[in-house]
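Keep the model open as you read.

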Amino acid sequence: MVSSPKKKSFSVQNISIEGNIGSGKTSFTNYFLNNPNIQVFPEPIDKWRNLCGHNLLDLYYADPVKWGFAFQMFVQKSLMDIIYKPTKCPYKIIERSIYSAKYTFVENMHNKKTINDVEYLVYSEWFDFCSKVLPLKIDLIIYIRTDPIICYHRIKERGRIEETMISLDLLNELHELHESWLIKKYFTDFDIPVLVLDGNQSNKFMEKHASQVMKDMFENIIIHKHLSNNCDRSPLKQLYGNCSKFYDF
Ligand code: TTP
């Protein structure tokens, strides 16, 4: 008896929300909270603030040279934990990824000698192990692209106690590193599609962006359910391709 070709099952699609400190990632992520097709995993900042009673975020900002390496190793571990958390939803949204931690924060710390060459090498060995050896997969990045000066004012407004030291210079440096990574595609072996959204806009517009993304995702599930075995492209790659895309409202 000849069996008919099986339809592919829908593997979970991982989407990470990226952008500078204060760019609006958390607010954007919150729009997806009550969608039954999407499970949202917020950034594990509470863990960074309380590792067995130690506030690593605070230690880091108080003495970056002493604590930068330990802090970033822990950030990497906590972000890895999230990508492995199971979900029954077809889409998983995570805020930040090991990629942004490495390509923006750690690169910046190394450039400024906050972490030394040996620490950088040890970190990079772990990063390579996590990103290549383990079956880690992110299917789409949504980049909330926000002017550093706007990020600066938002950070001042929210008044997170550990972040009083954050300067506009730091935000400019991190912005440039996000741009190199996600717009200029500096890391050539990084081929995850990037959807770029203008984070300078009001909440009303960001909500519209989120609705459009959810609509795309819903349609994408329907389309993917009808794909046969010989299509091996990830559904989100099919949707967004390899180039950046802006929604225009
Ligand atoms: P973000 O990850 O940028 O989160 P956020 O709350 O600022 O995001 P948004 O305002 O866009 O919703 O940074 C959280 C804090 O952690 C911030 O002080 C920067 C710090 N951090 C690092 O120092 N290194 C890292 O690798 C990451 C991911 C964050």
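Which residue in E4 is the bridge partner of Ile17? In E4, that partner is Ile142. Before going further, bear in mind that this is a predicted model, where local features need pLDDT of at least 70, side-chain atom pairs count only at pLDDT 80 or more, and totals for chains, interfaces and linings use all residues. Residues are numbered from 1 along each chain as its sequence is written.

Back to that bridge. Strand E1 (residues 13-18) and strand E4 (residues 140-145) pair in the parallel sense over four bridges. Strands pair if DSSP finds at least two bridges between them, and the strands (E, at least two residues) and helices (H or I, at least four) are DSSP runs numbered from the N terminus. Zoom out and you'll see five strands in an open sheet, ordered E2-E3-E1-E4-E5, with parallel pairing. Strand E2 (38-41) and strand E5 (194-198) sit at the edges with a single partner strand each, so one side of each has no neighbour in the sheet. From one strand to the next, the twist averages 20°.

Now for the helices. Axes here are lines fitted to C-alpha atoms, for helices over the stretch in contact, and angles run from 0 to 180 degrees between N-to-C directions. Under 35 degrees counts as roughly parallel, over 145 as roughly antiparallel, 65 to 115 as roughly perpendicular, and the rest as oblique.

Take H4 and H5 to begin with: their axes come within 10 Å and cross at roughly 170°. H4 and H5 are therefore roughly antiparallel to each other. Gly68, Gln72, Val75, Gln76, Leu79 and Met80 of H4 meet Ile98, Ala101, Phe105, Val106 and Met109 of H5, where contact means C-beta atoms, placed from the backbone, within 7 Å. By class, this contact has eight nonpolar, three polar and no charged residues. For these classes, Ala, Val, Leu, Ile, Met, Phe, Trp, Tyr, Cys and Pro count as nonpolar, Asp, Glu, Lys and Arg as charged, and the others, Gly among them, as polar.

H4 also packs against helix H6 (residues 117-133), at an angle of about 5° and with the axes 10 Å apart. H4 and H6 are therefore roughly parallel. Here Phe69, Gln72, Met73, Gln76 and Met80 of H4 meet Glu119, Tyr123, Trp126, Phe127 and Cys130 of H6. That contact divides into seven nonpolar, two polar and one charged.

H5 has another partner in helix H8 (residues 168-182): the two axes come within 9 Å and cross at roughly 130°. That makes H5 oblique to H8. Tyr103, Thr104, Glu107 and Asn108 of H5 make the contact with Glu173, Leu174, Leu177, His178 and Trp181 of H8. These residues divide into four nonpolar, three polar and two charged.

Finally, the ligand. Of the 17 residues around the ligand, Ile21, Lys25, Thr26, Ala101 and Phe105 come nearest; a residue is near if its C-beta atom, placed from the backbone, lies within 6 Å. Helix H1 (25-30), helix H4 (64-84) and helix H5 (98-111) are the elements that give two or more residues to this shell. H5 provides the largest share, three residues. By class, the shell has six nonpolar, seven polar and four charged residues.

Note on methods: Contact = placed C-beta atoms within 7 Å.
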